[in-house]
Each structure stands twice: as C-alpha cells, then as structure tokens.
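Take a look at the model below. The text that follows walks through one chain, its contact with a partner, and a single residue.

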Amino acid sequence: MRWLAEVHIRLRPGIADPEGQTIAGGLRALGFDSVDDVRSGTLLRLGFRAPSRDEAEDALASMCGRLLANPVMETADWELRLDDEPVGEADG
Amino acid sequence: MSRSPRVAVLVFPGTWSERDFAHVAGLLGWEARLVWHTERELGEADAVILPGGFAHGDHLRTGAIARFSPVMSAVAAFAASGGPVLGSCNGFQILCEAGLLPGVLLRNDHLEFRCDWQSLLVEQVRGPWLNQMTSGSVIRLPISHGEGRYYASPETLEELERSGRVALRYADADGNVTADANPNGSQRSIAGIVNERGNVFGMMPHPERAAEAEIGGIDGLQIFRSLAEWLVAQPAVAERRL
C-alpha cells in the first residue's frame, strides 16, 4: 500500500521565531492589523509504501525522530492517508 | 610528541572553509588531510576539524543531513576516546545535530546573514582548545553565519554554566557581554561551548580566518597553539592510531 503523509515541523512553543514575526509585520503593514501571531515551519509531503496504517505511522514516527525534526527545538506531527493514485500507476 | 601535529579536516558537499584550515595548519608546520564525508576512517589524526560552510546545502536544518555522513561515526568514536574535535560555524551546527554537543543553532534573530569581526570574551575551559588563553581576555574573530542563535533548554544552559563549559561569549571590545554585542540573539550570548570532557569544542566564529596579521588579526592562532601544547602534554592521545 502506498501512503501520502504531510509532515508539519514546527518550532517548539516559546522559541523565538523571527521569520514568523517578520511575516506578521508584513501582514500588518498591508493593513491586516489584527494579525498578532505567525509561526513559521516546514511542510514535507512524503510518499512511501507500508503494508498497513500502523506500520506507516511507525515509519513516520521513526523518520521524524531520526531526521526530520530536532526535538531540542522542534515538534513534528502529520496527516496520513492512502494514496489512491500512486505514482506511475495513475493515468496521464 | 616530537613530530608535527596531524589534523583531519572534514569536507562535506558545501563545506567552504576546509582549505583555510589546511592553510593555517601549513603555516604552523602541521600536516592537514582533507577527509571526504563518505570516508569511514579518519586515518592517523591527532585532531579532527569540522569547518564552516553549508554541508548538504543546510537543507532541512543545518547539519541535519551531515550528521549521518559515514565519516561521522568515526568522528563520534574519535571524540568518545578523548580525541580533540573542533567544529567552527557549520561544523558547530553539525556537532550539535550529531549530539556531540548540546543545543542547536537557530536562524539569527534579525534574519540577516552576519559577516563581521566580532569581539569575544574567553572563559578558559578544560581540554585541548583554549589552554593558551586566559579567562576574561577578549579576542577578535570573524563571524560569518545566518544561523548562529544558540538555543538550549533551561536545564542544559544551567548545566553548561555550572560545569564551566561556555568557552566563548559575544562581547563588546571591552569584554562586556551585552545585548548590543550579541550578533544573532544567542542565549546568554553563547558563541562557543565544549563537551563534558572538554575535547569537543564548537564555536560559531572562524579562528582559521584570523591567523595572519595581513588579513586583520591573529587571535585565532591561540586556538591552534592551545591544541599543539595540549598534544605535547598528552602523548598517549597524540599517538593514537585509528
């Protein structure tokens, strides 16, 4: 079974995020005065094979723990779904 | 140790300071060997240097990919046996990602890449790297980074302070550690730390770019000379064969 995951990597709460602050400032400069919080992060879209949802979840946890996020400063969570149009198998 | 020191200088795809380190080693009469990141052995080395640059493009996070390069297993073993390891700039970031030093380096708080001369307050720490320097002295070294904001948990910061492992802090020319003198928003103005044994040293500044008066300063030489003195006093380590 082929799976698609969207992994969200975020700075831990409390860690200053100058990129997010700068984006918030840009939005306020455009007149979106009510914007008082922007946090930046990384979005990764992964396609991979695993025989079951449990094993796909386990694989993602391992990927995040070993490489995709640094637990000193980041958290990772994800949304996982079956890929119903696997690469190379979909039409056109 | 009667022969001249031998240093292994690691090269990852995107490393940019390896030739500067090798150049300084040459000035001092040392042997420097550039070691490509896919090698699994360091060869006969008295010390290992991880230079600055952008290993693997800094993709995902600085040092995140480099820490899994084959050579890093050899570096970890070398460090575990007490061998001197220096990481400068991107090398510091890699050592943190590899877990050889605590904490991480985040994007500078002002989001700018900062390339400048920087005054640093020295705290003499145990180990090979700062023994020729005096606590409380001020040195000037170049910095050149976009992601140098040192961050660690409150517990880790306390442990670093309590155990005397903060080696360098950003300061003004008089050695005052102030917010204005902090070029990147590092916690407690930390510019360099050592591990518990003192043999692994990570620093954001570039000592290899301050080794000749003609290019602005020679304060970086003190770090190389500290290593040389330490190697003389530690023949068993210096004669290690890996």
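A strand here is a DSSP run of E with at least two residues, and strands are numbered from the N terminus. Leu105(B) sits in such a run: strand 5 of chain B, residues 104-106. Note that the model is predicted.

Stay with Leu105(B) for a moment. Is this residue buried or exposed? Leu105(B) counts as buried because 29 C-beta neighbours lie inside 10 Å; the cut-off for buried is 20 or more. Which residues does Leu105(B) touch, leaving aside those up to four places away in sequence? They are Thr62(B), Phe92(B), Gln93(B), Cys96(B), Glu147(B), Gly148(B), Arg149(B) and Tyr150(B). Met204(B) lies 99 residues from Leu105(B) along the chain, yet their C-alpha atoms are 9.1 Å apart.

Now turn to chain A. Its secondary structure amounts to two helices and three strands. Along the sequence they run β-α-β-α-β. The C-alpha trace of chain A spans about 45 × 35 × 15 Å along its principal axes. Its radius of gyration is 17 Å, whereas a compact globule of 92 residues would have one near 12 Å. Of those 92 residues, 12% count as buried. Consider next the contacts in chain A with a separation of 6 or more: 72% of them join residues 24 or more positions apart.

Finally, the two chains meet.

Methods
Residues numbered from 1 in each chain as written. Chains lettered and ligands numbered in written order. Predicted model: local features only at pLDDT ≥ 70, side-chain atom pairs only at ≥ 80, totals over all residues. Helix = DSSP H or I, 4+ residues; strand = E, 2+ residues; numbered from the N terminus. Rg over C-alpha atoms; globule rule 2.2 N^0.38 Å. Contact = placed C-beta atoms within 7 Å.
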